Structures are given as C-alpha cells and as structure tokens.
Amino acid sequence: MRPTLIRGAHILSLDEEVGDLPRGDILIRDGEIIDVASSIAAADATVIDGAGRVAMPGFIDTHWHLWFVLFRGIVDDLPETSWFPTKARLGPYVQAEDQAAAVRLSLVEALNTGITTVHNWAHNIGGPADAEANVRARSDVPARMHFSYGTPSTHPGLSPKQAAAVLQHVGKAQDEPMDFHDVAELRERWPDPLLTFGVGLRGPARSTAAIWQREFAEARSLGLPIAMHCAGTRDEVEWIRQIEVLAAAGALGPDLLLAHCNLVNAGERDLLARHGVHVSMNPLNEVRYALAAPQLSELLDAGVSGSFSIDSTAVLPASPFETMRTAYGLERVRTGRIIGPRTLLELATIGGARALGLGDRVGSIRKGKRADILLLRMDGPGMVGTGDPAERIVHCAQPGDVETVLVDGRALKQDGLLVGIDVAGIASGAAAAQARVLERGGRSKEEIAKLVATVAR
C-alpha cells in the first residue's frame, strides 16, 4: 500500500511529548504512524488535505453492550419495560445471528461518530456460537474492537417460562463458572490485530464467592483483562461494597476495568488508585436512567485512571461529544467545578486506550502508534470560531463534523460518508433481527411490525 500523508491539519495529538501542531503533517505507512512534524516530504504518498481541519486520535468507548441496540424502541422508563425487565424478558431469545446483526449496526454507529475502538462487553453469551458471531461480525465493519466474553443475560424475577428459555438457550445452569476453555480457543482462532480479548465477569455482587474468585483466577492465568460492573446503583452499595470485597481477596489490579463506580467512597477511590484499577464512566446513561452521577472530580483528584463510555444505544446516541458535554454539565451542577476540554478529550481517547490495555497502540497521535485518526471540519456552521479547537470539539461538535475516520490507516469515512460498508444492508439486518427476537419472545405480529417500522426509520 502507498503511504498516506495528512497535510496541513491542526494536530491535536493528546500526547504529552508531541503536543499540538497548529499546522502539521502525519505520515502513515502500513497502518503505522511513521512521523508527525510541521512539514513532511513524501512524494509517493496519497495526500489527505487537512487544511481547516483538526486531526486527533479516534475516540475509544470502554463499556458498550452492543447487543442491546436490538431493543431500541422497546425500552423506556416504565416499570415493566425499562432496562432490566426488558433484558430479563427478551435477552434469552437473542441468538447468535441476532447478536451479529447488533454488533454490525453498533460498529457502524461508532465509526460514523468518530469512535474507532469499541469495548464490546457481550453480557449475553450463551455459548461458543454467540461469541463466534460477535467476533466474526466485526469483519464486516472493521473498527478496532476489544471483546469481553460474558455470561448469559439473566436478572432476578424471571418467570418459570423465561427461566426455561434461558436454560434451553444456554444449556447449563446459571450459577456455573464461565467457559474459559472457549474464551481461550476463540482468541486462538482470531489472531486479528484489530481484535483483543477479555472477559466480562459478574463479580461479588452477581455470583457466589467461590465462582467469582475462581473466574478471576482463571482469567488472570490466561492473561485476559477483566471487566465488571460496580457501585452503579444504590441498591447494590446498600448490601455489598464490591471494591472492599475485591481488595480483601487481593483481586484488585491494573487488568481490572470497573464500569460506573458512581457511589464509591473515599477509601474505595484510594484503593482503586493504589492498585491501578480503571473506571469507565457513562454520564449519558446515568442521566437517562436517573442513576447517580459519575464522580468525575473525585476520581480525578484521587488519581484513578478514568475513561468514558455509552453503555447502550437502546435509548441513547453513540456520541462521544454528548458524553463529554454531559460529563462537563453534571460536574458544573454537582460540584461547581470546571473540567477543561483537554481533560475530557483525554478521558475519551488515551484514557480509554489505557483502560483496554491499548495505551501503547492507540489513543494519541505519535510516531510508532497505529493510525486511528479523525479529521474534524472546523468551518461548519456549528464550529466556526477562534481559540483552542479542543474547546469547540468538546462543546460544539456533532457527528456530522467528523469528516474522515481512519482505523489502522484505512479510511472508513471520507467526505463525511462511510465507505466500503453496506450501511443499508446492516440496518435492515438489525431490524430483521429485532423482529425475530420479539417473535420468539411472544410479541404479536402487529406489535412487531410497528416496532420494526420504528427501527427502520
């Protein structure tokens, strides 16, 4: 492949050594950033004009349940149709082909808005076929993906019929440990440089001590990073302090990513910082479901490694811009503190890379890293202005301002449009998957037609 030269962009590297270049060039060869400088000569390169644009690292989302996009238009805030009841009722009916359709659609959404790395936290894996479908689907939408192999979707309060459906789908009891043999084999079968693997574990709040301790030990013996939900709701922290339980068992470490942590105390924040544990904050989700706000200021002050995420796109946009703005606004209301745009951008990029164990590969623009890069137009109606472009990106930018998206040096969005991806086919495939799930779950044909029409629009 010919090298690629991004020429004349305002480079927002988010790298401490490189810093900013008000006008600079980026040379890419075979997916690697070869040089970053004010001017680079490369006569044989394909040139991308960066004039009037900001070049920055792609966004990284560290907590996203991709399969749940199939419930868009179904989930709302009513008691019987909110997140957890819907997950419990319909999760068992989501089969491998449906999960693949959800992954494709979610990755399309991600790339269109500038998210180049997605943590596919797959917490509805009923067996090897489901996991294989999740991983294989990424081949159709070549974003960078960290796949966390999870357990089947369950929730307290399943009816006998729903419980039977779970067992039929899964083929084993719900209180058994994860199948680590399949996780290891899956990793061996997919030696893809754009894929990394980990596990999404239930932890002390959602499994017995014997199971979670065994699962943590097995994951670490295989070198698999661990993701776990923690302290996201008041119900949880009223009966268990998971961080304290993990600390007492010697289970905290830099290979652990905790989602939420909205209700941790000062002692727990100190434990997270001392053990290098990463935290994924998802402010849009917390606001949407009236949960506790992220402790952004407290976590930063304690020295905890933080990142941002969307959690689910069933009722939310896959927008890192909205995520950053919501985090900023919540902090202003909650603490009165002003969080600078550079800090927010770092949480959305290099912070995410560190959380997923990819800090040496992506998350900033510097020589030797992989070329996951965005170009944002700064001359659109909502972006024209002066001063630090980081300010406008955080507070004004929309997905439509993302003109170019490179993943590993390959252009997947050009001139504001996704290229080489069957967007229409992927969208219709997701609508068909939703219809199948609803039919298996007992919805009438009239209800299905109405909901599918909503998704298609």
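Reader: What average pLDDT does the protein chain have?
Author: The coordinates come from a prediction. In this chain, 92% of the residues score at least 70. The average pLDDT of the protein chain is 92.

Reader: Over which residues does pLDDT stay under 50, and how many contacts beyond four places in sequence does the model have for them?
Author: Where pLDDT is low, the predicted coordinates should not be read in detail. That caution applies to residues 155-174, where pLDDT stays under 50. For this stretch the model has contacts beyond four places in sequence, and they number 29.

Reader: What geometry does the ring pair of Phe59 and Phe321 have?
Author: The structure holds 7 aromatic pairs, and one of them joins Phe59 and Phe321. The ring centres are 5.3 Å apart and the planes stand at 85 degrees. Plane angles over 60 degrees count as edge-to-face. The pair of Phe59 and Phe321 is therefore edge-to-face.

Reader: Are Phe59 and Phe321 buried or exposed?
Author: A residue counts as buried when its relative accessible area is under 20%. Phe59 has a value of 1%, and Phe321 has a value of 0%. Because both values fall under that cut-off, Phe59 and Phe321 are buried.

Reader: Which aromatic cluster contains Phe68 and Phe71?
Author: The ring centres of Phe68 and Phe71 are 4.8 Å apart, with planes at 90 degrees, so this pair is edge-to-face. Phe68 and Phe71 are buried. The cluster is formed by Phe68, Phe71 and Trp67.

Reader: Why is strand β6 described as largely enclosed, and to which strand do 4 bridges join it?
Author: Of the 6 residues of β6, 6 are buried, so the strand is largely enclosed by the rest of the structure. Asp61 stands opposite Val118. The 4 bridges run to a parallel partner, residues 115-122, which is strand β7.

Reader: Which residues does Thr323 touch, not counting residues up to four places away in sequence?
Author: Thr323 is located in helix α12 and is buried, at 4% relative accessibility. Its C-alpha atom is separated by 7.2 Å from that of Asn282, 41 residues apart along the chain. With residues up to four places away left out, Thr323 touches Pro283, Leu284, Phe308, Ser309 and Ile310.

Reader: What phi value does Asp311 have?
Author: Asp311 lies in the loop between β13 (305-308) and α12. With a relative accessibility of 4%, Asp311 counts as buried. Although Asp311 is not a glycine, its phi is positive, at about 75 degrees.

Reader: Where does Ala231 lie, and what is its phi near?
Author: Ala231 occupies the loop between β10 (226-230) and α7. Ala231 is buried, with a relative accessible area of 4%. Its phi is positive in a residue other than glycine, and is near 50 degrees.

Reader: How many disulfides does a search of the whole structure find, and which cysteine sulfur is nearest to that of Cys230?
Author: The search finds 0 disulfides. A disulfide requires sulfur atoms within 2.5 Å. Cys230 is in no disulfide, and the nearest cysteine sulfur, 4.4 Å away, is that of Cys261.

Reader: Which residues have a positive phi in the two hairpins that involve β16?
Author: Strand β15 (residues 402-407) and strand β16 (residues 410-414) run antiparallel and are joined by 3 bridges. β16 also pairs with strand β17 (residues 417-418) in the antiparallel sense, over 2 bridges. In the hairpin of β15 and β16, with 2 residues between the strands, the positive phi is near 55 degrees and belongs to Asp408. In the hairpin of β16 and β17, the turn residue with a positive phi of about 50 degrees is Asp415.

Reader: Over the ring of which residue does the charged end of Arg288 sit?
Author: The charged end of Arg288 is 5.8 Å from the ring centre concerned. The ring is that of Tyr289.

Note on methods
Residues numbered from 1 in each chain as written. Predicted model: local features only at pLDDT ≥ 70, side-chain atom pairs only at ≥ 80, totals over all residues. Heavy atoms only, no water. Phe/Tyr/Trp six-rings, centres within 6.5 Å; stacked < 30°, edge-to-face > 60°. Buried < 20%, exposed > 50% of the residue type's maximum accessible area, 1.4 Å probe, protein only. Lys NZ or Arg CZ within 6 Å of the ring centre and 35° of its normal. Pairing = 2+ DSSP bridges. pLDDT = per-residue confidence, 0-100. Contact = heavy atoms within 4.5 Å.
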